[in-house]
Amino acid sequence: MAATVLLHGWGMNQGVWQLIEPKIENVVCENVITLDLPGFGDAQMMPNSYSLASACELLVESIPDNSRIIAWSLGGLFALHIAMHYPHKVREIVLVASSPYFQESDNWYGIKSQVLSQFMISLRDQHQQTIERFLAIQAMGSEFAKRDIKQIKGLLDSYPSAQEKALAAGLEILQQQDLRDVFANLTIPISGIYGRLDGLIPRRGLKAIAALNPNFEFEVINKASHAPFISHPEEFITALNQLLKT
């Protein structure tokens with residue numbers, strides 16, 4: 001049976017969807033499944049050699065055929081890889097504050113490479129502080145930043161903490177994976193929801209993402225940052241309802 005699958009971002013787990021999940025279920029009118037990426041939350045099993053491909057090989061076992069995937073941040077790279085390599089699993093993708101390539105490069109807006117490298121160093125030396133710093137980045141620019149951070153922490157605490165190996169691998173995926181060709185060649189419906197104040201996926205870079213695939217449509221929530229479904233749930237649901245194709 002087809003379903004809508006929700007994928008979380010780096011350092012998080014399926015708990016981040018708890019508050020918005022019932023609203024999404026009302027919009028999609030089908031079963032909604034929240035999944036943890038390998039090594040995060042309840043998904044304690046990880047591949048011996050953690051990569052995007054090997055992690056997707058595990059994750060895809062829990063995704064029903066012909067699913068819609070709504071994927072936040074890092075989860076978007078998983079959704080794109082699965083759509084490319086397991087096409088029977090995916091009928092539509094909605095990216096949330098996500099990109100086919102996260103690192104800044106020539107004519108491409110994203111996260112500066114030194115920022116991701118510093119996170120790698122900090123993760124090794126100061127694990128918990130790095131997670132908390134990243135939580136702060138999730139809400140950076142939002143008018144409800146302090147509330148959003150507190151809310152995210154509360155949701156995450158319902159599940160086991162992410163394993164350090166998965167956290168390190170996730171940062172490497174964000175730093176190294178360039179799925180722009182995959183994104184450009186997808187023929188299934190694909191859309192996105194973004195926050196105008198997002199410091200990780202800059203609004204000025206959205207045109208470059210859209211230029212890769214003529215079928216890509218996106219909505220921008222004016223006062224939201226990197227977690228629009230938490231800070232602005234009603235606007236998020238409105239945008240989702242406008243973008244859904246299948």
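## Helix α7

Helix α7 has 13 residues, and from its first C-alpha to its last it reaches 18 Å, close to the 18 Å expected at 1.5 Å a residue (the expected span is 1.5 Å times one less than the number of residues). Helices here are DSSP runs of H or I with at least four residues, strands are E runs of at least two, and both are numbered from the N terminus.

This is a predicted model, where local features need pLDDT of at least 70, side-chain atom pairs count only at pLDDT 80 or more, and totals for chains, interfaces and linings use all residues. Residues are numbered from 1 along each chain as its sequence is written, and side-chain values use heavy atoms, leaving out hydrogens and water.

The buried residues of α7 are Ala166, Leu167, Ala169, Gly170, Leu171, Ile173, Leu174 and Gln175 (buried is under 20% relative accessible area, exposed over 50%, partly exposed in between, with a 1.4 Å probe and protein chains only).

## Glutamine 175

Let's zoom in on one residue of this helix. Glutamine 175 sits in α7, which covers residues 164–176, and it counts as buried because its relative accessibility is 18%. Setting aside neighbours within four places in sequence, glutamine 175 is in contact with Tyr101, Gln103, Ser113, Leu116 and Ser117 (contact means heavy atoms within 4.5 Å).

## Leucine 37

Now for a loop residue. Leucine 37 lies between β2 (32–35) and α2 (52–59), and it is buried because its relative accessible area is 0%. Beyond neighbours within four places in sequence, leucine 37 is in contact with Leu7, His8, Ala43, Leu59, Leu74 and Phe78. Leucine 37 and arginine 133 are 96 residues apart in sequence and 20 Å apart in space, C-alpha to C-alpha.
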